[in-house]
Amino acid sequence: MHIDASPAEARTILKAMLAVADAGPAVTAADRASIVAAARYIFRLDLPPDLAGLTPPSRQDLQALAGKPDLATEAVRFATVMAFVDGTLDHAKLKAVLDLAATLGVKADFVTDIAEVAQGHLRDATAHMIRANLESLTGKPWTTDGDAMAWFQPYKGANADPALAARFHALAELPDETFGHAFAVFYLSQKYAFPGEEQALNFRFAAPHDSSHILAGYDTTPRGELLVSTFTAAMHRKEAMSGHVLPVIFSWHLGIALNELAGAAKGALDPQEFWHAWARGEAMKVDLFGPAWDFWAATREPIDAVRARIGLAPG
């Protein structure tokens with residue numbers, strides 16, 4: 001879902017992003033590349049690489065933005081990303097995000113997460129991110145005593161589903177040009193267990209998540225996982241920041257593992273392609289995590305036809 005902004009509103013958001021970057025030791029090349037990419041892909045504006053002419057937002061600029069709650073929240077989302085572009089937990093940048101949220105009157109779960117991190121309550125923040133991710137995927141509240149790993153891997157032992165696994169294996173026999181064939185080849189090449197097999201991930205996560213990988217063209221490196229989750233956040237929107245963007249930034253860019261399944265790495269945020277992935281997700285006509293996505297019906301279609309139907313522009 002794209003939130004429309006006038007050129008003036010877009011520039012205010014870009015200024016706010018720069019202000020967060022400037023709160024740190026120095027505005028870096030990655031910071032500048034991120035802001036230029038956000039301008040290009042999200043707002044269709046061209047900024048010079050050195051951001052010449054982009055100044056801190058005025059009080060009047062922010063007051064105008066505060067009058068549009070959806071746009072104000074988007075501004076704080078974008079500013080939050082800027083706090084982590086350089087791959088560190090910088091408390092001055094976190095404070096800048098919280099100050100912006102207060103000025104714009106934005107009260108959201110992801111802002112609470114940032115406040116928890118700023119106060120040193122990292123475990124509380126990441127625990128909420130895990131719950132938010134599950135609530136986004138399941139569409140219902142997730143209790144604190146819920147077993148996340150049991151949901152993600154439900155086929156262990158007596159819960160294996162051979163019929164479901166066989167249905168996936170049969171996709172390899174479909175014509176080469178079909179989405180289903182591409183899905184099976186992807187799984188076989190990665191040596192992934194198909195849903196239904198004991199070590200597999202839950203169909204409700206695996207089918208849309210890996211459909212996103214295949215259709216959007218993102219690989220399974222830490223960089224690719226961060227991009228596919230960004231794409232998902234902009235497409236699915238439910239708990240977009242707390243449930244998708246922040247968890248992968250923490251896992252794959254800051255090197256903070258959220259759970260034993262996700263793993264961790266450092267430096268995976270591509271400051272340009274991040275915003276390209278966000279824009280591609282916004283442009284989607286079908287939410288691959290929503291009820292309108294019929295995975296099994298799509299498997300028999302040519303993969304290029306599937307991409308065209310769901311509104312996925314080439315990468």
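Mentor: Leaving aside residues up to four places away in sequence, Thr 12 touches Pro 57, Asp 61, Leu 62 and Leu 65 (contact means heavy atoms within 4.5 Å). This is a predicted model, in which local features need pLDDT of at least 70 and side-chain atom pairs count only at pLDDT 80 or more, while totals for chains, interfaces and linings use all residues. Residues are numbered from 1 along each chain as its sequence is written, and side-chain values use heavy atoms, with hydrogens and water left out.

Thr 12 is part of helix α1, residues 7-22; helices (H or I, at least four residues) and strands (E, at least two) are DSSP runs, numbered from the N terminus. With a relative accessible area of 5%, Thr 12 is buried. The classes are buried under 20% relative accessible area, exposed over 50% and partly exposed in between, with a 1.4 Å probe and protein chains only.

Helix α6 (residues 109-118) has its own buried residues: Phe 110, Val 111, Asp 113, Ile 114, Ala 115 and Val 117. They pack against α4 (69-82), α5 (91-104), α7 (122-138) and α13 (240-253). After α6 comes Gly 120, with a positive phi near 85°.

Another helix pair is α12 (residues 222-236) and α14 (residues 273-282), whose axes come within 7 Å and cross at roughly 35°. Axes here are lines fitted to C-alpha atoms, for helices over the stretch in contact, and angles run from 0 to 180 degrees between N-to-C directions. On the α12 side the contact includes Arg 223, Leu 226 and Phe 231, and on the α14 side Phe 274, Ala 277 and Trp 278 are among the residues met. By class, the contact of α12 with α14 has eight nonpolar, two polar and four charged residues. Ala, Val, Leu, Ile, Met, Phe, Trp, Tyr, Cys and Pro count as nonpolar, Asp, Glu, Lys and Arg as charged, and the others, Gly among them, as polar.

As for the whole protein chain, it has 16 helices and zero strands, and 53% of its 315 residues count as buried. Among contacts with a separation of 6 or more, 68% join residues 24 or more positions apart. The C-alpha trace spans about 60 × 40 × 30 Å along its principal axes.
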